Amino acid sequence: MALGNSQMILAERQYLREGEVEISERAFNLIIGAMLLWGFLLNFATVALFGDKVVQLVSNMNPIIFLIAYFALVLVGNLMVSKGGALVSFLGYTLIAAPIGMVLCLCLRGVPTSVIKEAVLITAIVSLSFMIAGTLWPGFFLKLGRVLFFSLLFTIVGSLICALLFRGRGYRVYEWIGAGIFSLYIGYDWARANTCARTVDNAIDLSASLYLDIINLFIRIVSILNDSRNK
């Protein structure tokens with residue numbers, strides 16, 4: 001999911017900024033892969049080692065305070081990623097991934113291991129498929145930025161209305177829609193990666209966008225699979 005004004009950021013990152021050095025395509029892709037792996041390993045460690053403690057901690061907190069703290073950390077992380085250099089972007093990326101690990105502890109509570117494994121596999125297949133599509137048809141995906149943003153916004157509003165006014169009825173439809181939107185976002189952000197200047201900072205920044213796309217897709221796939229299993 002693109003951070004900030006995606007069109008402006010895309011235009012800025014197509015050229016080297018003062019003091020930046022372009023790296024090889026292989027090194028650029030390796031950094032993106034390494035950063036994604038770092039975020040996923042951080043999440044896995046949080047869920048595997050501290051899952052119960054996190055759930056207990058959050059359960060004892062005021063939910064409003066938790067939400068404020070969560071969004072504050074993610075917002076600060078996003079600002080660091082989009083505005084800072086490579087080191088600051090790495091710290092911002094970590095600041096985004098760490099609280100998302102806590103959210104995953106809550107989302108995966110009570111979900112069977114078999115469902116989680118299946119969701120991981122499906123997420124990996126879908127992510128790889130849309131990365132390939134973003135490589136083959138970059139022009140198509142780059143045109144979707146604004147459409148995806150407003151589609152996601154309307155989906156969030158619609159799901160909140162379902163949860164608050166209709167006691168969750170129809171909410172599952174929005175899970176499917178959200179999964180589709182984040183799948184397309186993966187193709188969009190990978191297409192962006194193929195058009196930006198190959199620098200360490202850009203690789204880390206784009207990793208943050210792809211990480212958010214993939215994690216959001218995973219959460220929705222888990223929800224869909226778990227709901228189907230419980231019917």
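These legends describe close-up views of a predicted model.

Residues are numbered from 1 along each chain as its sequence is written, and side-chain values use heavy atoms, without hydrogens or water. Because the model is predicted, local features need pLDDT of at least 70 and side-chain atom pairs count only at pLDDT 80 or more, while totals for chains, interfaces and linings use all residues.

**View 1. The chain has nine helices and zero strands.** Helices (H or I, at least four residues) and strands (E, at least two) are DSSP runs, numbered from the N terminus. The order of elements from the N terminus is α-α-α-α-α-α-α-α-α. Of 231 residues, 43% are buried (under 20% relative accessible area, 1.4 Å probe, protein chains only). Among contacts (heavy atoms within 4.5 Å) between residues at least 6 apart in sequence, 84% join residues at least 24 apart.

**View 2. Helix H4 spans residues 86–107.** Its 22 residues reach 31 Å from first C-alpha to last, close to the expected 32 Å (1.5 Å times one less than the number of residues). Buried residues of H4 include Gly92, Tyr93, Ile96, Ala97, Ile100 and Leu104. Among the elements covering the buried residues of H4 are helix H2 (25–59), helix H3 (63–83) and H9.

**View 3. H4 packs on H9 at an angle of about 10°.** The axes lie 9 Å apart (lines fitted to C-alpha atoms, for helices over the stretch in contact; angles run from 0 to 180 degrees between N-to-C directions). That makes H4 roughly parallel to H9 (angles under 35 degrees). From H4, the contact includes Phe90, Tyr93, Ile100 and Leu104; from H9, it includes Ile204, Tyr211, Ile215 and Phe218. The contact residues divide into 16 nonpolar, two polar and two charged (Ala, Val, Leu, Ile, Met, Phe, Trp, Tyr, Cys and Pro are nonpolar; Asp, Glu, Lys and Arg are charged; the others, Gly among them, are polar).

**View 4. Helix H5 (residues 113–136) crosses helix H9 (residues 200–230) at roughly 135°.** Their axes come within 9 Å. The crossing is right-handed (the near helix is turned clockwise from the far one by less than a right angle). Contact residues include Ile116, Ala119, Thr123 and Met131 of H5, and Leu210, Ile214, Phe218 and Arg229 of H9. They divide into 14 nonpolar, four polar and two charged.

**View 5. H5 has 24 residues.** H5 reaches 35 Å from its first C-alpha to its last, close to the expected 34 Å. Buried in H5 are Val115, Ile116, Ala119, Thr123, Ser127, Met131, Ala133 and Gly134.

Terms used. Buried < 20%, exposed > 50% of the residue type's maximum accessible area, 1.4 Å probe, protein only. Parallel < 35°, antiparallel > 145°, perpendicular 65-115°, else oblique.
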